[in-house]
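Dear colleague,

I am writing to hand over the structure shown below. Please keep it open while you read the notes that follow it.

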Amino acid sequence: MGKTTFTSDHLLQRLGRHTGVVSCFHVAYSGGLDSHVLLHALSAVRDRLDARIAAVHVHHGLQAEADQWETHCRHVCVALDIDFTALAVDARAGRGESPEAAARTARYGALAAWLPARHCLLTAQHQDDQAETLLLQLLRGSGVSGMAAMPETSDCGKGFQMRPLLGVTRAALKAYARQHALVWIEDPSNRDTAFDRNFLRHRVMPVLHERWPAASASLSRSAAHCAAASELLARQAANDLRALQGSQHETVSASGLAALPGARRDNALRAWLKQHTRLSPSTAVLMRIVEDVLNSREDAGPCVHWGRFEVRRYRDDVYCLAQRQAVDTSGELNWTLSDPLALPGTGGRLIATPSHGSGLRRAAIRAGGVRIAWRRGGERCHPPGRERRHSLKKLFQEAGIPPWERDRIPLIYLGDELAMVPGLWVCEPFRASAAEDGVVIDWQPGD
């Protein structure tokens with residue numbers, strides 16, 4: 001059961017575990033009842049905390065009264081002698097985006113970017129919020145991780161976030177507010193049942209509580225069980241991924257994943273994707289990756305697009321990549337080597353550094369510099385240590401360069417001859433000997 005009464009001592013017990021670790025507790029203060037109670041209770045125990053206290057308010061700009069709300073919050077903090085910070089965000093929803101999700105993303109993004117190291121952000125979610133979150137996740141078909149709902153502590157920017165009221169009911173917070181004659185803001189959007197959470201709060205939860213008075217406590221307890229199960233699954237995934245590392249940096253083995261039992265494979269794959277994207281793929285996306293990427297032929301070049309990301313396979317390595325803009329590789333560029341050269345679009349840039357005994361032979365470089373082009377097909381290079389020239393395609397294959405990367409790599413020409421593939425080979429006879437001055441050309445790829 002959740003606490004039917006709430007006191008500042010309850011808050012002190014929750015925060016006491018972080019004594020000596022946190023230099024400042026910041027209340028995320030909206031001005032609403034829950035965050036006002038949290039702020040007031042924190043101020044009452046400030047002399048017993050080994051840390052400063054402060055408040056931070058996020059101005060979303062979504063309501064006509066937003067300026068008044070910030071002023072109200074500032075005045076409350078002045079009365080309590082608490083340092084106050086206001087952050088302004090653009091919380092407008094994009095096309096097809098949930099207004100709730102847009103506001104939440106903007107709010108936590110701003111708070112995470114602002115929060116200093118060794119500072120703790122306190123947010124006022126309580127037991128009834130936790131129950132609503134679990135129901136929302138169930139209705140979305142979430143897995144164990146989603147049904148774990150909100151953790152008591154989590155990383156936030158350079159510091160961390162804590163939700164010390166998860167064991168307290170909304171009714172207990174309201175009773176505290178009335179006992180101390182607190183004045184709080186009532187956001188009219190909180191009663192708009194067009195929003196999913198408000199619909200649950202005002203239409204569904206009252207019916208559940210009428211039949212099961214302890215519904216919120218029971219649902220929160222289920223979320224805690226899911227959190228424990230999610231932690232076990234995360235540990236299993238971490239162990240599996242250590243054994244499934246691909247041959248290239250940040251890749252995973254397709255054959256290794258495919259050899260795992262289905263549920264264990266999906267668990268490891270979800271964890272790996274979340275490491276790279278901070279997002280959890282839907283079941284449909286996960287199945288597409290399994291069928292189209294893991295189970296494809298090695299030479300098929302499969303690709304699954306997922307939001308801003310794509311999952312590809314080359315040989316046995318599976319890659320998770322941010323989708324990139326296409327680079328115009330149809331033209332050519334002349335470069336004198338005197339300054340860095342920006343390549344078209346997001347193709348990055350080339351940098352030339354004088355050297356001795358490495359890179360291109362300085363004597364082979366004509367007065368006009370070098371010519372930059374991209375693959376057209378049929379290019380050949382004579383790498384050092386080889387008896388003859390080889391096709392660039394064969395050399396890329398030997399070097400394990402994935403096909404989708406090859407056409408983005410700029411090629412350095414001297415006259416009509418391919419002289420260098422930056423970062424990979426200097427072609428004979430353009431390589432500087434140990435006794436010759438040279439130029440090392442580095443390619444810094446674009447995002």
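Predicted model: local features only at pLDDT ≥ 70, side-chain atom pairs only at ≥ 80, totals over all residues.

Residues are numbered from 1 along each chain as its sequence is written, and side-chain values use heavy atoms, with hydrogens and water left out.

The nonpolar cores

A nonpolar core is a set of buried Ala, Val, Leu, Ile, Met, Phe, Trp, Tyr and Cys residues joined through side-chain atoms within 4.5 Å. Buried means under 20% relative accessible area, exposed means over 50%, and partly exposed lies in between (1.4 Å probe, protein chains only). In soluble globular proteins, nonpolar side chains tend to be buried together.

The largest nonpolar core has 36 residues, of which Phe6, Phe25, Leu42 and Leu122 touch the most other members. At least two residues of this core come from each of several elements, including helix 1 (8–15), strand 1 (24–28), helix 2 (33–44) and strand 4 (119–122). Helix 2 gives the largest share, six residues. Helices (H or I, at least four residues) and strands (E, at least two) are DSSP runs, numbered from the N terminus.

Contact means heavy atoms within 4.5 Å. With neighbours within four places in sequence left aside, the contacts of Leu122 include Phe25, Leu38, Leu42 and Met162. Another core, of 33 residues, lies apart from the largest one and has Leu337, Cys381, Val421 and Trp443 among its members.

Helix 5

Helix 5 covers residues 127–139 and has 13 residues. From first C-alpha to last it reaches 19 Å, close to the 18 Å expected at 1.5 Å a residue; the expected span is 1.5 Å times one less than the number of residues. Of its 13 residues, 11 are buried, among them Gln127, Asp128, Leu134 and Leu136. The buried residues of helix 5 pack against helix 2, helix 6 (144–147), helix 7, helix 8 (196–211) and helix 9 (215–243). Gly141, with a positive phi near 75°, follows helix 5.

A pocket and a cavity

Both are found on a 1 Å grid over the protein atoms alone: a cavity is a set of points where a 1.4 Å probe fits but cannot get out, and a pocket is an open set with protein on both sides within 12 Å along at least five of seven lines. Lining residues have an atom within 4 Å of a point. Grid points are joined across faces, edges and corners, and a volume is the space filled by probe spheres set on the points.

The second largest pocket has a volume of about 330 Å³. Its lining has 17 residues, and those closest to its centre are His249, Tyr319, Leu321, Trp404 and Glu405. Strand 10 (317–322) is one of the elements that supply at least two lining residues, and strand 10 gives the most, with four.

A search of the whole structure finds one cavity of 30 Å³ or more. The largest cavity has a volume of about 40 Å³, and its lining includes Leu15, His18, Phe25 and Asp50.

Backbone angles

Most residues other than glycine have a negative phi, and most peptide bonds are trans. Ala149 has a positive phi, near 60°, and sits in the loop between helix 6 and strand 5 (153–156). Ala149 is buried, with a relative accessible area of 17%. Phi of Ala181 is also positive, near 55°, and Ala181 is in the loop between helix 7 and helix 8. Ala181 is exposed, at 64% relative accessible area. A cis peptide bond, with omega about 10°, joins Glu428 and Pro429; Pro429 is in the loop between strand 20 (425–426) and strand 21 (437–444).

Two single residues

Arg52 lies in strand 2 and is partly exposed, at 44% relative accessibility. Not counting residues up to four places away in sequence, Arg52 touches Ser23, Cys24, Phe25, Asp83 and His119.

His36, in helix 2, is buried at 4% relative accessibility. With neighbours within four places in sequence left aside, His36 is in contact with Tyr29, Val76, Leu182, Val183 and Trp184. Between His36 and Gln68 there are 16 Å in space, C-alpha to C-alpha, and the two are 32 residues apart in sequence.

With kind regards
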